[in-house]
Amino acid sequence: MRKYRNNERSPQNETVAHSQKSRALRHKQEDNRMTAQSWHDIPHVVVTNEPEASDFLKVFKELNEGRAKQDKITLNAVILKVITEALKKCPAMNAHINFKPRLVRGCVTEFDEINISMPMLLDSGEMMTVNLHNMQDKSLTDIRDTLADVQRRAKNSNMSQVMYDVSLNDTLQGLAKGKLIQTVSRLIGSKTGKYRVKTLSGKQKKEYYGIPERDRLTKHDIEQGTITVSNLGSLYKDWDGICALLEIIPPQVAAIGVGAPRDTAIANPDGTVTVGKKLVFTVVFDHRALDMGDVVPFLKSIDETFKHPEVIKEWI
């Protein structure tokens, strides 16, 4: 598999998003399409990493001592920073693949920009996969503010209209790539039937697009990133389990799932057993693009951060 670096801004690709509950069935069909494509085309390899997290969580707590509520750093922000720092040491995971099945060959593009696609539960109750751009340059404070800003702008956003803009963009890209049948089928599906995407018109449309883009979500916010991170533990903080499977969204080559901190037995070097905390990271990678050896730098970076958690104070 040929690999090359891409130092320019990463291209916009197919977008995967989850929209309102009232349109759940319509977008479930889109999820099913992407899921089917993922599991049909991609040989998934799944590995889990379970670092001991007691000291890490203690330092995280110290991080917020004396901070006002609005200034507190969330665990979600810290985990995203931990993953971003690990991806810097493992650029092979922050990549897209272009594979030609008939020729049984292709190429992988690694990106310097780390643009994380992350499913978020918005304040409105909607689940939307947003693209967190340029994570490689963000401090913990920046990440906290970015997540808060997504929530702020989502309150001024019409998700149906955002999805329409994405669908139109995908249609134009699909046509440019010569995917005529696939593109037309998706377009028909989005504009016809009971669960079609309903868009604004007339005065409502004019007023909506009169809202500055800095104050609402746009297609730029939900275009596909370079890798997907699902912080499942943030949705269910008392979850006592692990993510066993996670789909890779093509053309990405990896996806990461994060659980919730959970109590577990810790075997100490002196032979004693104590109760500690573990945080499970699930890493799924495309075996066409990566081997286990390629993801080891990522796993080692995660382990190093949890062994020496004081480093997170330097990320503020």
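Student: How many residues of strand 7 (residues 227-231) are buried?

Tutor: Five of the five, so strand 7 is largely enclosed by the rest of the structure. Buried means under 20% relative accessible area, exposed means over 50%, and partly exposed is in between, using a 1.4 Å probe and protein chains only. Strands (E, at least two residues) and helices (H or I, at least four) are DSSP runs numbered from the N terminus. This is a predicted model, where local features need pLDDT of at least 70, side-chain atom pairs count only at pLDDT 80 or more, and totals for chains, interfaces and linings use all residues. Residues are numbered from 1 along each chain as its sequence is written, and side-chain values use heavy atoms, with hydrogens and water left out.

Student: Which residues of strand 7 sit on each side?

Tutor: I227, V229 and N231 are on one side, T228 and S230 on the other, and both faces are covered. In a regular strand the side chains alternate between the two faces of the sheet.

Student: Which strands is strand 7 joined to?

Tutor: Strand 5 (residues 116-121) runs parallel to strand 7 and is joined to it by two bridges. There I116 is opposite I227. Strand 8 (residues 254-258) is also parallel to strand 7, with four bridges, and T228 has A255 as its bridge partner there. Two strands pair if DSSP finds at least two bridges between them.

Student: What about the loop between strand 7 and strand 8? Where does Q252 lie?

Tutor: Q252 is in that loop. At 1% relative accessibility, Q252 counts as buried. The side chain of Q252 makes a polar contact of 2.7 Å with the side chain of T228. A polar contact is a pair of N or O atoms within 3.5 Å; within protein, one must be able to donate a hydrogen and the other to accept it, and residues adjacent in sequence count only if both atoms are side-chain atoms.

Student: What else does Q252 touch?

Tutor: Not counting residues up to four places away in sequence, the list includes A95, H96, I97, S117 and Q224. Contact means heavy atoms within 4.5 Å. A95 belongs to another pairing, where A95 stands opposite E110 in strand 4. Strand 3 (residues 95-100) and strand 4 (residues 105-111) are antiparallel, with six bridges. Four residues lie between the strands in that hairpin, and V104 takes a positive phi near 55°.

Student: New topic. How many residues are in the largest nonpolar core?

Tutor: That core has 63 residues, and those with the most contacts inside it are V78, L80, I83, M93, I116, L132 and F298. Helix 3 (residues 75-88) gives the most to this core, eight residues. A nonpolar core is a set of buried Ala, Val, Leu, Ile, Met, Phe, Trp, Tyr and Cys residues joined through side-chain atoms within 4.5 Å. Apart from it lies another core, of eight residues, including W239 and C243.

Student: And V78, what does that touch?

Tutor: Leaving out residues up to four places away in sequence, V78 touches F56, F60, L63, I73, L140 and I312.

Student: Which residues contact V295?

Tutor: C90, M93, F285 and L290, leaving aside neighbours within four places in sequence. V295 is in helix 9 and is buried, with a relative accessible area of 0%. The C-alpha atoms of V295 and K89 are 9.6 Å apart, with 206 residues separating the two along the chain.

Student: Is R153 buried or exposed?

Tutor: Buried, at 10% relative accessibility. R153 lies in helix 4 (residues 140-154), and a polar atom of the R153 side chain is 3.2 Å from the backbone oxygen of R216.

Student: Where is confidence lowest?

Tutor: In strand 1 (residues 2-6), with a mean of 55, whereas helix 9 (residues 292-307) is highest at 98. Over residues 7-29 the pLDDT is below 50, though this stretch has 65 contacts in the model beyond near neighbours in sequence. pLDDT is the predictor's confidence in each residue, from 0 to 100. Where pLDDT is low, the predicted coordinates should not be read in detail. The chain averages 85, and 81% of the residues score at least 70.
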